[in-house]
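Dear colleague,

My notes on what was found in it follow below.

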Amino acid sequence: MKITLLGTGTSHGVPMIGCNCEICTSGDPRDKRLRTSIFIEHQGVNLLIDTTPDFRQQALRAGFKRIDAILFTHAHKDHLAGLDDIKPFNYLSKEPIPVFAEQRVLEAIKTEFEYAFVVKNNSVPKLELHPIKPDNELVFKEINIIPIRMMHDRLPVLGFRVHNFAYLTDFKTMEGKELQKVVGVDTLVIEALRIQPHPSHLSLDEALSWIEKIKPRKALLTHISHKLGKHTDIKNITPSNVSAGYDNEVIFVS
């Protein structure tokens, strides 16, 4: 399985507009973070998780030509706003793209992108909406996808496990039965917003605590703000099996 970290930044992105801190002005390209999203290639199937406001730039940079399905974690703008930019993939495939999300996220899509379901020409994205539930495993083109129920403060969101890989972002808590769905995965991508606690996101210490419970062979941090530090500094304060992910990083999971 090949995973591309399309973006590893928080909703503000890094650099943040108007900020001149040492992280936002860093010359290290690994400190330039677009909004959080990943692209999974497994058994000939291409899965996109979330369409950020930076999706067009991310897709051009990563260079993929096909999306077989899109999974959504939740409907916040930094995870949804780039959905219109899937139109070129419709042109290339001549087919609508299946979208899998919880019902309330699908309702948000139908509201925010109403024109996509009204206009009948090639100027709008073509989508097939499919509701999913956290208790039901999804099988798409023989790929088993396990939804993980998490809480983003009071907002229910989804993480996903695909084969031996798990992706958990934008959450604060998770019940034990959901944790068991991801314990022992080979590779984990998990959010770590900043050093200081946050009401709806994981701090670095909280992320490391979840990593200890999940026990992956390798963990990468994502949804990183400028308050977590430079890429090189994060390496010095994390265990040997944990690193800060960076934009367009490619990882392979057996």
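Which residue is the bridge partner of Leu221 in E13? Please bear in mind throughout that this is a predicted model. The partner of Leu221 in that strand is Ala244, and the pairing belongs to a set of three bridges that join E12 to E13, two strands that run parallel.

These two strands are part of an open sheet of seven strands, in the order E7-E8-E9-E10-E11-E12-E13, whose pairing is mixed. Strand E7 (138-140) and E13 stand at the edges, and because each has a single partner strand, one side of each is left without a neighbour in the sheet. On average, and with direction ignored, neighbouring strands of this sheet are turned by 25° against each other. Helix H6 lies across E10, E11, E12 and E13, and runs at about 155° to E11.

The largest nonpolar core has 27 residues, of which Leu168, Phe171, Met174, Leu188, Ile190, Ile211 and Leu221 touch the most other members. At least two residues of this core come from each of strand E8 (143-152), strand E10 (165-168), strand E11 (187-191), helix H6 (204-214), strand E12 (218-222) and strand E13 (242-244), and it is H6 that gives the largest share, six residues.

E2 and E3 form a hairpin that has two residues between them, and in the turn Gln43 has a positive phi of about 55°. E3 is also joined by three bridges to strand E4 (residues 69-71), with the two running parallel, and in E4 the bridge partner of Leu48 is Ile70.

Helix H4 (residues 103-112) has Val105, Leu106, Ala108 and Ile109 buried. Seen down the axis of H4, its buried residues fall within an arc of 155°, so they line one face of the helix. The buried residues of H4 pack against helix H2 (77-80), strand E5 (97-101) and strand E6 (127-131).

Finally, a word on the cysteines. With a disulfide taken as a pair of cysteine sulfur atoms within 2.5 Å, the count comes to zero disulfides. Cys19 is in no disulfide, and the nearest cysteine sulfur, that of Cys21, is 3.5 Å away, which is too far for a bond. Cys19 counts as buried because its relative accessibility is 18%, whereas Cys21, at 23%, counts as partly exposed.

With best wishes

Technical notes. Residues numbered from 1 in each chain as written. Predicted model: local features only at pLDDT ≥ 70, side-chain atom pairs only at ≥ 80, totals over all residues. Heavy atoms only, no water. Buried < 20%, exposed > 50% of the residue type's maximum accessible area, 1.4 Å probe, protein only. Core = buried A, V, L, I, M, F, W, Y, C linked by side-chain atoms within 4.5 Å. Helix = DSSP H or I, 4+ residues; strand = E, 2+ residues; numbered from the N terminus. Pairing = 2+ DSSP bridges. Axes fitted to C-alpha atoms, helices over the stretch in contact; angles between N-to-C directions. Contact = heavy atoms within 4.5 Å. Arc of directions from axis to C-beta.
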